[in-house]
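I set down here what I looked up in this structure, entry by entry. The sequence and the model come before the notes.

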Amino acid sequence: MSTSPWWQRGAIYQVYPRSFADGNGDGIGDLQGLRTHLDHLSALHVAAVWLSPVFRSPMADFGYDVADFCDVDPHFGTLDELDRLIADCHDRGIRVVLDWVPNHSSDQHPWFLASRSSRDDPKRDWYVWRDGAPDGGPPNDWRSEFGAVGPAWTFDDRTDQWYLNSYTPQQPDLNWDNPEVEAAMHDVVRFWLDRGVDGLRIDALQRLGKDPLLRSNAGSDIRHDQDWEPVAHARLRGIRRVVDEYPDRMIVGEVYLLDLHRVVDYLAGGDQLHMAHNFVFLHLPWDAAAFRSVIGDFESLAEPDAWPAWFLGNHDHSRIATRYDDDGGSGPARARAVALVLTALRGTPFLFQGDELGLPDAEIPPERVVDVDGRDPERAPLPWRPPSVAGPGAGFTTGTPWLPLVREAEALCVETQARDPRSTLSLSRRLGQLRADSATLQVGDQHLLDAGPDVLAWLRTHGTERLLAAVNFATEPRRLRAGALPDGRYDVVLSTDAGSPGDAPRGPGGTLPELVLRPTEAVLLRLIDPAPGS
Ligand code: NOJ
Ligand code: CA
């Protein structure tokens with residue numbers, strides 16, 4: 001189709017393995033379950049699947065606390081099964097991206113067990129140990145990313161020192177100032193790339209650079225516990241050099257910074273990340289002008305060939321349908337519009353499992369809460385089959401699911417939606433197919449239009465083809481601002497409007513000045529007359 005790299009062609013679909021599909025009935029999703037549902041990924045035409053961590057882990061942070069970076073946790077299966085999953089995906093033309101967690105390990109990792117055993121242990125300096133402050137408190141004012149944890153330091157009375165944990169105390173930070181740590185973690189990257197993994201999502205990349213002097217944040221206008229420029233980028237370049245030892249591999253960073261200037265720095269020079277998750281975008285309110293400005297900011301701040309990654313949900317954030325659509329009314333109309341936005345923008349769309357169903361967050365009763373940071377609702381298991389047919393596990397499990405499923409499983413499960421051509425799943429499949437078949441969507445130029453209040457619109461052009469995407473953020477019909485648009489006729493490629501029963505389906509096309517967007521509708525149009533002056 002196009003000669004762009006694989007990771008630019010289609011969506012990257014995030015699987016949260018615990019909640020995707022359970023193959024052995026213990027209530028926890030696993031690799032066996034995932035392998036039996038690869039048809040679902042093929043039907044979405046995704047370019048790649050990204051697996052949240054499946055490595056050995058005591059599960060204090062559900063896999064983001066890794067006790068062996070080079071083995072699979074028995075909850076998920078075996079290394080052999082992971083090899084088979086990679087092979088099965090490759091047979092289908094689906095690339096595999098693993099989640100690499102370089103900032104910290106589990107406190108049960110043999111490296112940390114050695115490190116905490118004595119001040120003289122050869123691995124002592126593999127983690128960040130310090131004496132307390134003169135008042136007996138922690139060494140500085142750094143805080144854990146998780147509010148419930150508090151200070152980012154844990155006192156260990158075995159050796160009377162504190163260790164740094166930017167997340168939970170079960171996730172001690174590795175000391176990247178120590179070249180042995182850097183080399184060992186580079187070897188982890190090689191281990192997986194040697195096994196045929198196509199890419200890595202780098203967890204908490206902004207945390208790899210910290211002030212080596214461990215100065216407090218207070219009284220400084222920059223933070224000392226993350227994004228520390230003097231070391232951050234050199235460290236990332238070192239990682240990229242390892243990745244570039246292999247052909248055709250990709251790294252995408254979780255660069256959790258809410259300043260886009262700082263984020264695009266991690267893409268600069270062509271020798272750092274291939275893509276960075278843009279959390280400024282994820283935090284946007286439902287507002288056309290806000291979307292437009294963040295899309296425009298990426299274009300103006302990043303280097304011209306820097307490649308955007310667009311995402312609006314993952315396993316750490318309330319789901320799209322809940323954030324944007326929870327009005328008790330008309331179904332996930334905004335989530336459907338968002339699916340078109342992600343597909344039609346220049347850049348790689350990232351989908352979180354369940355977004356293709358318009359799944360909302362689940363309600364988690366207090367006695368079932370398991371996450372330290374309130375992230376259970378978006379991690380509820382995927383409903384595959386109607387509970388009325390498959391029982392309360394909804395085809396996710398035959399046992400007791402580790403988290404409750406959504407209340408709406410009967411209507412929103414894969415099986416029910418697959419039967420309905422107007423469902424969100426059917427829409428997601430059409431969007432995936434469109435993206436897979438369209439060089440214009442994959443590599444076309446992009447031009448944001450000034451389309452008037454409540455409307456986000458942009459053109460994608462490639463050769464002689466011109467596609468126009470437009471989204472109505474209002475709950476009333478909107479006409480695109482005259483003058484923003486090229487004159488001429490269009491064909492409707494796709495509308496996200498599911499219509500209500502009895503609505504006339506959107507016609508096959510018309511002329512642009514007459515185009516009226518329905519409430520919360522997103523459309524993709526092919527312009528069929530030559531542009532004026534061309
Ligand atoms: C970011 C991950 O997405 C999140 O789930 C995890 O808790 C932290 N990093 C720590 O690894
Ligand atoms: Ca299982």
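Which residues of strand β10 point one way, and which the other way? I noted first that the model is a predicted one. In β10 (residues 250-253), I found M250 and V252 on one side and I251 and G253 on the other, and all are buried.

Entry on the partner of β10. I looked up strand β9 (residues 199-202), which runs parallel to β10 and is joined to it by 4 bridges.

Entry on the calcium ion. I listed the residues that coordinate ligand 2: D22, D26 and D30 through OD, N24 through OD1, and I28 through O. The distances run from 2.2 to 2.3 Å. Along the sequence, I read the spacing of these donors as D-x1-N-x1-D-x1-I-x1-D. I28 counts as buried because its relative accessible area of 12% is under 20%. D26, at 37% relative accessibility, is partly exposed.

Entry on the three-stranded sheet. I traced an open sheet of 3 strands in the order β6-β8-β7, with antiparallel pairing. Its edge strands are β6 (129-130) and β7 (153-156), each pairing on one side only. Between β7 and strand β8 (residues 161-164) I recorded 4 bridges. W153 stands opposite L164 of β8.

Entry on two helices. I looked up how α12 (residues 333-344) packs with α16 (residues 424-437): the angle is about 10 degrees and the axes are 10 Å apart. The two helices are therefore roughly parallel. From α12, the residues R336, A339, L340, L342 and T343 meet T424, L427, L431 and R435 of α16. I sorted the residues of this contact into 5 nonpolar, 2 polar and 2 charged.

Entry on the six-stranded sheet. I followed 6 strands in the order β14-β15-β16-β21-β18-β19, an open sheet with antiparallel pairing. β14 (445-449) and β19 (509-511) each have a single partner strand, so one side of each is left without a neighbour in the sheet. On average, neighbouring strands are turned by 30 degrees against each other, direction ignored. I counted 5 bridges between β14 and β15 (residues 455-462), and H447 has L459 as its bridge partner.

Last, I returned to the helices. α12 packs on this sheet, touching β14, β15, β16, β18 and β21, and its direction makes about 40 degrees with that of β21. α16 also packs on the sheet, touching β18 and β21, at about 125 degrees to the direction of β18.

Technical notes: Residues numbered from 1 in each chain as written. Chains lettered and ligands numbered in written order. Predicted model: local features only at pLDDT ≥ 70, side-chain atom pairs only at ≥ 80, totals over all residues. Heavy atoms only, no water. Donors = N, O, S within 2.8 Å, 3.2 Å for Na, K, Ca; no water. Buried < 20%, exposed > 50% of the residue type's maximum accessible area, 1.4 Å probe, protein only. Axes fitted to C-alpha atoms, helices over the stretch in contact; angles between N-to-C directions. Parallel < 35°, antiparallel > 145°, perpendicular 65-115°, else oblique. Contact = heavy atoms within 4.5 Å. Nonpolar A, V, L, I, M, F, W, Y, C, P; charged D, E, K, R; others polar. Pairing = 2+ DSSP bridges.
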